[in-house]
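Here's a protein to look over, one topic at a time. Have it open while you read, and try to find each residue as it comes up.

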Amino acid sequence: MNQLIEKPDDIYANIVSNLKKGVKDRRHGFHTPVFSNINEKGLLNSRVVVLRQFDSNKMRINFHSDLRSNKINGLKLNSKTNFLFYDQKIKIQLRIATDSKIYCNNDIAKQAWNKASLSSRKCYLTEDAPGTIKTSATDGLPKHLTDIEPSRDESEKGYANFSVVSNQIQSIDWLYLSASGHRRLLIKINGNQNNYKWLIP
């Protein structure tokens, strides 16, 4: 870990490695980051999302969202967003500034949709938009889907509500927590030549 802390390039490589693990390993702390954006009323909103893809060449991180959700409405007005990652086992926190784009009803969305499991597709079959007020607790799904997955054909109805939110990484604020001394590094992403600045934790 000392080598990781002392060399910015090694820290960057470790970040890339852990983001890749976060996509594949559901138990990794980076699998479910907190995503924050400004909603259509100008207020900050945060929620946990599932990390679905990380492109280390283009430095993009993707998650999926219902097109009818408030976060999508906010992103259409303000694309400046933030992610917060933390893994307790490795004692690393990432605060990642991003610029977000919404992809729906195109090749990017279709490719992601084709890879989605039936249980994931089921989430997009709600009869009303996420956040709709109801008189009693409900998941919003048709009653015949209680405790069962939809058929492949039925799941296709959810595609109309499906989107990929792709987030271009602008900077990474890396924090390593250690009893022997915390370390913090700001990484500005700039193509093949990143800019590094050590910060007081």
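Let's start with a charged pair: arginine 121 makes a salt bridge with glutamate 156, and their closest N and O atoms are 2.9 Å apart. (A salt bridge here is a side-chain nitrogen of Lys or Arg within 4 Å of a carboxyl oxygen of Asp or Glu.) Arginine 121 sits in helix 5 and glutamate 156 in the loop between helix 6 and strand 7, so the pair ties together parts that are 35 residues apart in sequence. Keep in mind that this is a predicted model: local features need pLDDT of at least 70, side-chain atom pairs count only at pLDDT 80 or more, and totals for chains, interfaces and linings use all residues. Residues are numbered from 1 along each chain as its sequence is written, and side-chain values use heavy atoms, with hydrogens and water left out.

**More on salt bridges**

- Side chains of opposite charge can pair when their charged atoms come close.
- How many salt bridges turn up in a search of the whole structure? The count is 7.
- Arginine 121 is buried at 0% relative accessibility, while glutamate 156 is partly exposed at 31%. (Buried means under 20% relative accessible area, exposed means over 50%, and partly exposed is in between, using a 1.4 Å probe and protein chains only.)
- Aspartate 99 and lysine 80 also meet through their side chains in a salt bridge, at 3.2 Å from N to O. Aspartate 99 belongs to strand 6 and lysine 80 to strand 5 (residues 80–87), so this pair ties together parts that are 19 residues apart in sequence. (Helices are DSSP runs of H or I with at least four residues, strands are runs of E with at least two, and both are numbered from the N terminus.)
- Aspartate 128 and lysine 134 make another salt bridge, at 2.6 Å from N to O. Aspartate 128 is partly exposed at 34%, and lysine 134 is partly exposed at 45%.
- Arg95, Asp173 and Arg184 are linked in a network of salt bridges.

**Helix 4**

- Which residues of helix 4 (residues 107–115) are buried? They are Ala109, Ala112 and Trp113.
- Looking down the axis of helix 4, you'd see its buried residues fall within an arc of 100°, so they line one face. (The arc is taken from the directions that run from the helix axis to the C-beta atoms.)
- Here's the background: an α-helix has 3.6 residues a turn, so residues three or four places apart point the same way.
- On the face of helix 4 turned away from its buried side, you'll find the exposed residues Asp107 and Lys115.
- The buried residues of helix 4 pack against several elements, including strand 4 (60–66), strand 6 (92–103) and helix 5 (118–122). (Contact means heavy atoms within 4.5 Å.)

**Strand 5 and its neighbours**

- Strand 5 has a covered face made of Thr81, Phe83, Phe85 and Asp87, and an uncovered one with Lys80, Asn82, Leu84 and Tyr86.
- Strand 5 runs antiparallel to strand 1 (residues 34–38), and 3 bridges join the two. Valine 34 has leucine 84 as its bridge partner in strand 5. (Two strands pair if DSSP finds at least two bridges between them.)
- Strand 5 and strand 6 are antiparallel as well, joined by 8 bridges. Phenylalanine 85 has leucine 94 as its bridge partner in strand 6.

**Positive phi angles**

- Most residues other than glycine have a negative phi.
- Methionine 59 isn't a glycine either, yet its phi is positive at about 55°. You'll find methionine 59 in the loop between strand 3 (53–55) and strand 4, buried at 3% relative accessibility.

**Cysteines**

- How many disulfides are there? The count is 0, where a disulfide is a pair of cysteine sulfur atoms within 2.5 Å.
- Cysteine 104 is partly exposed at 33%, and cysteine 123 is exposed at 52%.
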